[in-house]
Amino acid sequence: MHILIIEDDKQAAEYLVNALDEAGHNVDHAKDGELAFVMCDSSEYDVLVVDRMLPKMDGLSLLKKLRARGDMTPALILSALGQVDDKVEGLRSGGDDYLTKPYAFSELLARIEVLSKRKIVDDADTLISVCDLKLDRLSHKVFRGETKILLQPREFRLLEYLMKNAGKVVTRTMLLEQVWDYHFDPQTNVIDVHISRLRGKIDKEFEFPLLHTIRGKGYILQKDSVD
Amino acid sequence: MQRLRKLFSITAVRLTILYSLLFGATALGLIFYVTAGTVKILKQQVTVSINEELKELSEIYEELGLNSTISALEVRSRAPGANLYIVSNPAGQILAGNVLDLETGVMNKIGWTYHPFSYTRFDNSKKDELLALARIVELPNGMRLLIGRDIGEPEKFRHLIFNALALALGSMVTLGVLAWFFVGRRILKRVDSVAHSTDRIMSGDRDERLPISGSGDEFDRLSNRLNSMLDRINLLDEGLKQVSDNIAHDLKTPLTRIRNTVEASLVTRNNNSKHREALENVLTESENLIKTFNALLMISQVESGSTTAQMKQQNLSEIIKDIVELYEPAAEEQNFELRSDIASGLIVNGNRELLSQMISNLIDNALKYGKSVDSDQSSIRIEATLSGGNVSVSIADHGAGIPEGANGKVLQRFFRLEQSRSLPGSGLGLALVNAIAKMHFATLTLGDNKPGLNVGINFPSINNSV
């Protein structure tokens with residue numbers, strides 16, 4: 001994936017470039033908003049990682065200008081501001097996701113992967129299928145092979161999100177944000193239990209499991225186990 | 001020059017100067033107006049009386065002839081306080097009348113004398129130069145007749161009025177300036193003493209207060225207000241100091257652990273798995289630290305009210321149901337029964353995210369500390385009802401509860417009960433719940449569920465809180 005990091009802090013940028021490079025991505029770095037604006041014009045990026053506070057042109061203005069130009073490259077905003085309205089403001093300015101500093105790298109990586117343009121599922125598709133698991137977004141029906149699976153509404157949304165991002169790691173925080181619309185961390189690990197319930201419905205008594213846990217990172221929905 | 005400029009920068013001084021100028025100008029105008037008016041009236045009186053005299057004389061002249069007129073003049077001129085009478089030849093030589101001598105040239109012009117002229121009376125032994133106004137007419141035989149009136153008395157009167165007014169107004173201006181000077185100086189002194197106290201407070205003397213004279217004037221009222229404000233600031237400052245002491249203490253512990261882990265790992269040679277384990281430890285510890293920081297920031301954000309702007313009407317029933325649904329599987333796994341009885345359509349004014357977090361924290365706590373002492377199956381009861389226009393929520397468990405006397409402390413940051421110190425947690429959960437409740441104008445009660453804890457949150461009626 002071709003990623004542009006827009007970050008003025010030299011050390012933070014270096015760390016990100018190295019870590020994303022290690023994860024197998026092709027990474028460029030811009031140290032201010034104006035430079036980033038020029039770079040976005042000359043090369044094609046899959047994801048932008050934008051620091052909110054930037055010299056010359058701040059992150060939100062950069063995104064507004066890019067969107068005004070018709071550049072819809074998915075963008076992840078990084079910020080030290082973590083209040084809910086800061087997030088809302090960030091997303092309104094054209095950001096696609098918002099992560100508060102300090103963050104775990106695994107969280108950032110998972111979010112970048114999910115943001116990437118190369119989506120497997122189009123938002124307009126009514127039928128999503130991963131392997132022999134099928135989900136109909138219109139009739140709210142789920143099948144594994146020929147077996148019909150009954151899901152609670154929230155379980156359905158959870159599975160829908162996992163299937164939309166099949167093959168990519170999704171973290172607990174991402175699930176809380178996207179499926180439950182909460183931006184805080186409950187102390188009890190509530191998500192794990194929801195996942196294991198879902199797993200009981202879609203994986204148990206079937207030939208091979210689809211929903212895998214990646215220790216310390218999150219979950220992934222795909223045929224092959226990751227470990 | 002410097003001193004003068006400094007003096008001019010004082011409001012009292014500037015006001016004094018401005019008012020003195022204004023007052024002086026008005027007084028001057030008044031003096032001129034009054035004296036001019038007096039003169040005008042006096043002149044009018046003179047004119048009227050001379051005209052009348054002239055009319056009487058001309059009637060006598062027309063009826064009885066010149067000799068009778070002159071004898072009438074003689075009679076009149078001898079009367080006490082008489083007017084001036086002169087009969088002269090065309091050259092201005094005095095032939096008859098009661099005037100011995102007068103300013104030369106007065107008799108040459110027919111009509112009114114425009115300015116007072118000086119003359120000497122016949123019967124006046126002192127030969128004083130007196131002032132008079134007169135009218136001169138030409139008689140048919142070419143002789144001239146002057147009828148005049150002394151204006152010495154009115155002129156004296158005019159001077160008297162002028163002097164009286166000037167004296168009165170002058171002393172008023174002087175007194176005003178003096179009064180202003182003293183009042184201004186007094187105000188200045190008070191301001192200086194307040195400024196002095198403020199300087200001392202700013203330089204670190206927290207117990208210094210603004211001086212109060214005891215007269216109950218506006219300065220005292222202001223100082224009283226400012227003093228209570230200082231008391232309040234001191235109180236808040238105390239609180240802040242306590243909190244930062246707590247923070248310093250409670251963050252030191254995990255930081256020490258991180259440091260020790262790293263130090264120990266640096267001493268261990270060539271042991272990759274040990275190093276890895278140490279790094280993982282450090283990562284977990286620092287993540288916990290970040291969580292603690294986030295929670296602290298969250299509490300202070302909520303307390304400072306910076307999130308109040310996003311308050312709007314929320315369906316609390318839905319918010320609680322969603323959280324219960326989120327926790328239900330986790331609770332079941334831990335052998336808890338989540339029993340909820342939530343009236344539908346409960347509306348409160350608030351912030352969905354924060355209300356969710358509040359309920360979530362309370363259920364978290366109940367799961368952590370609410371394990372039933374005497375049975376395997378524990379239960380948490382969540383209720384939300386509407387009573388008397390108020391929405392009340394209660395979350396009750398059957399755990400150990402909070403010992404008496406610790407009720408107030410558990411709401412403080414970092415406070416943890418002795419028996420729960422072994423369990424994971426930061427001691428910030430209830431502090432955040434408390435802050436969120438306060439922000440929503442809700443009252444938080446910690447009741448005894450016999451056994452267990454019953455947390456009640458009472459929201460104000462939405463009509464009142466809007």
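**Ground rules.** Residues are numbered from 1 along each chain as its sequence is written, and chains are lettered from A in the order in which they are written. Because the model is predicted, local features need pLDDT of at least 70 and side-chain atom pairs count only at pLDDT 80 or more, while totals for chains, interfaces and linings use all residues.

**Entry 1: the parallel sheet of chain A.** I looked up the strand order. Five strands form an open sheet, β2-β1-β3-β4-β5, with parallel pairing. Helices (H or I, at least four residues) and strands (E, at least two) are DSSP runs, numbered from the N terminus. Two strands pair if DSSP finds at least two bridges between them. β2 (26-30) and β5 (97-100) of chain A are the edge strands, each pairing on one side only. The twist averages 20° from one strand to the next. For angles, lines are fitted to C-alpha atoms (for helices over the stretch in contact), and values run from 0 to 180 degrees between N-to-C directions.

I then checked one pair. β3 (residues 47-51) and β4 (residues 75-79) of chain A run parallel and are joined by four bridges. D51(A) has L78(A) in β4(A) as its bridge partner. Helix α5 (residues 105-115) of chain A packs on the sheet and touches β1, β3, β4 and β5 of chain A. Its direction makes about 175° with that of β5(A). Helix α3 (residues 59-68) of chain A lies across β1 (2-6), β3 and β4, at about 145° to β3(A).

**Entry 2: the antiparallel sheet of chain A.** Four strands form an open sheet here, in the order β6-β7-β8-β9, and the pairing is antiparallel. Its edge strands are β6 (127-130) and β9 (147-149) of chain A. β7 (residues 133-136) and β8 (residues 141-144) of chain A pair over four bridges. L133(A) stands opposite R144(A) in β8(A). Helix α6 (residues 153-164) of chain A packs on this sheet, touching β6, β7 and β8, and makes about 115° with β7(A).

**Entry 3: where the chains meet.** The contact takes 20 residues from chain A and 20 residues from chain B. Two residues are in contact if their C-beta atoms, placed from the backbone, lie within 7 Å. Which element of chain A gives the most? I found α8(A), with four residues.

**Entry 4: chain B.** I counted 10 helices and 14 strands in chain B. Of its 466 residues, 22% count as buried. A residue is buried if 20 or more other C-beta atoms, placed from the backbone, lie within 10 Å of its own, exposed if 12 or fewer, and partly exposed in between.

Next came a helix pair. The axes of α6 (residues 272-304) and α9 (residues 429-439) of chain B come within 9 Å and cross at roughly 20°. The two are therefore roughly parallel (angles under 35 degrees count as such). The α6(B) side of the contact includes A295(B) and E303(B), and the α9(B) side includes L432(B) and M439(B). Its residues divide into nine nonpolar, no polar and one charged. Ala, Val, Leu, Ile, Met, Phe, Trp, Tyr, Cys and Pro count as nonpolar, Asp, Glu, Lys and Arg as charged, and the others, Gly among them, as polar.

Last, I looked at A278(B), in helix α6 of chain B. Is A278(B) buried or exposed? A278(B) is buried, because 20 other C-beta atoms lie within 10 Å. Leaving out residues up to four places away in sequence, A278(B) touches T261(B), V262(B), A264(B) and S265(B).

Conventions. Angles under 35 degrees count as roughly parallel, over 145 as roughly antiparallel, 65 to 115 as roughly perpendicular and the rest as oblique.
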